[in-house]
Amino acid sequence: MAKTTVERIQFRCYNTTMDKNEFDVIVIGAGPAGIIAAGMSARTGRRTALLEKNDQIGRKLRLAGGGRCNISTLVPQSQFLQAFGREGQFLRQAISALGPEELKKFLAEINVDIYEQGPQLFIAGGGKKLVEALIAFLNRHHVEIRLNQKVTAMIPLENGRFSVETSTDHFVARQKVILAAGGKTYPLTGSAGDGFVLAQSLGHQINPPVPAMGAVHLKESVFDGLAGISLQDVLVEVFFDNKRQGTFRGGFLITHHGVSGPAILNASLIIARGLEKHHKVSIRLHLFPDQNIDNDTMGILESLPQRLRAMILKQAGVDLSQKTIQITRSQRHALLSMLKGWNFEVKNTASWDQAMVTVGGVSLKQVDPKTMQSRLHPGLYFAGEVLDLAGACGGYNLQAAFSTGYLAGIS
Ligand SMILES: Cc1cc2nc3c(=O)[nH]c(=O)nc-3n(C[C@H](O)[C@H](O)[C@H](O)COP(=O)(O)OP(=O)(O)OC[C@H]3O[C@@H](n4cnc5c(N)ncnc54)[C@H](O)[C@@H]3O)c2cc1C
């Protein structure tokens, strides 16, 4: 029987909706990894959609570096990979495809000004400027940005296609889906662990996510009341059940709730993992990593901020009016035990709201490092912090997000 006009119109509308939501490539999550993946995919001529659950893209990127946006670190590749610990080797192909120098060129191409401080690369004008330029880049390559689209399911269909469901819509990816939904820290920025749930629903192993790159809270309370004191160069050793796991060097900061600063932030990457599995996690703090404390203990102490020095002397039972000559053997012993490596037991790391990076995520064993493609589902790709990769502070994580996103986009 011939269709009525109304039926024909309805049929046409339905088809139009299907076409509107059918793409060659669908990228889930508009952080740095998803943005570059979508732009690169569109640049190779594929019709590409970028689905973002927020009403704007790159929300976390806008906050990066406290607004300064430390986007990369110009160090040799081997050093770069080391900053990701054991997982670093996984990044070799991604960094070879888009390393710090190539990222610099890309930023110049999209008219973003940068500046360098030592090996570190920053964005002039911060993350907001970068996001503006990335939006122009996406528009230039005709990426369809769909905001307020929270992806709730990815379902493999026949012929390598994927159905991508959001809370309000339905999309189809004809060639590939790139999951770039980020980790779990700063959940208000949108990355709230959805990526792990989506990957797990397709059989991917998720290594337990833990919050890292934040202050470390100690069981001892000796630093209470000293918030704000910072030191330029300390050494921090990390121990799991009294076995040394790693050494970190750099700045140190006492906060209202614990200790922080670059040395501690970097140490927190392994501390977070240790707390999951070990009974006792501790740190040994060396306030003077290069000095021989034995020779001139009181003289060396003079170089510490006054409030910290007073606390150390008090801990050792030394009266502030006491002369060096009057220091007793037991007081000297107590002083040296603090200054030659001060032991603290770790209570916990910063919460999800305060930590900056997620340790854990999609197991790298099930992802091909040459392409970022899933080893379980052809056509499914991963990029950025959703992967079980976490680098040191100083631009490593953003570079890794751009590199893995780039590789997933061009593969
Ligand atoms: C305060 C702060 C400062 C930082 N500063 C720096 C720095 O200076 N240098 C550095 O290297 N690193 C820094 N980092 C870390 C860095 O920002 C992250 O590693 C990086 O943003 C990860 O990029 P990504 O694209 O993988 O994920 P994200 O940037 O987290 O983006 C993921 C996107 O996916 C979206 N999404 C999540 N779930 C869904 C869903 N279900 N459907 C649709 N969309 C979804 C999210 O809304 C988000 O927009 C900082 C982190 C924080 C929190």
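This is a predicted model: local features need pLDDT of at least 70, side-chain atom pairs count only at pLDDT 80 or more; totals for chains, interfaces and linings use all residues.

I started with Met 356, which comes out partly exposed at a relative accessible area of 42%. I placed Met 356 in the loop that runs between β16 (342–349) and β17 (357–362).

Next, Ser 72: buried or exposed? I get a relative accessible area of 0%, and under 20% counts as buried, so Ser 72 is buried. Ser 72 sits in strand β3 (residues 70–73). I skipped its neighbours within four places in sequence and listed what else Ser 72 is in contact with: Pro 100, Leu 103, Pro 119, Gln 120, Leu 121, Gly 394, Gly 395 and Gln 399.

Then a helix pair. I checked α11 (residues 306–315) against α12 (residues 329–339): their axes come within 9 Å and cross at roughly 130°. The two helices, α11 and α12, are therefore oblique to each other. On the α11 side the contact uses Ile 312, Leu 313 and Gln 315, and on the α12 side Leu 335, Met 338 and Leu 339.

Last, the whole chain. I noted 13 helices and 18 strands. The C-alpha atoms fill a box of roughly 110 × 45 × 35 Å along the principal axes. Of the 411 residues, 53% are buried. For contacts between residues at least 6 apart in sequence, 71% join residues at least 24 apart. I put the accessible surface at about 18,900 Å², with 50% of that belonging to carbon and sulfur atoms.

Technical notes:
Residues are numbered from 1 along each chain as its sequence is written. Side-chain values use heavy atoms; hydrogens and water are left out. Helices (H or I, at least four residues) and strands (E, at least two) are DSSP runs, numbered from the N terminus. Buried means under 20% relative accessible area, exposed over 50%, partly exposed in between (1.4 Å probe, protein chains only). Axes are lines fitted to C-alpha atoms, for helices over the stretch in contact, and angles run from 0 to 180 degrees between N-to-C directions. Angles under 35 degrees count as roughly parallel, over 145 as roughly antiparallel, 65 to 115 as roughly perpendicular and the rest as oblique. Contact means heavy atoms within 4.5 Å. Accessible areas come from the Shrake-Rupley method with a 1.4 Å probe; for residues, only the protein chains shown count as cover.
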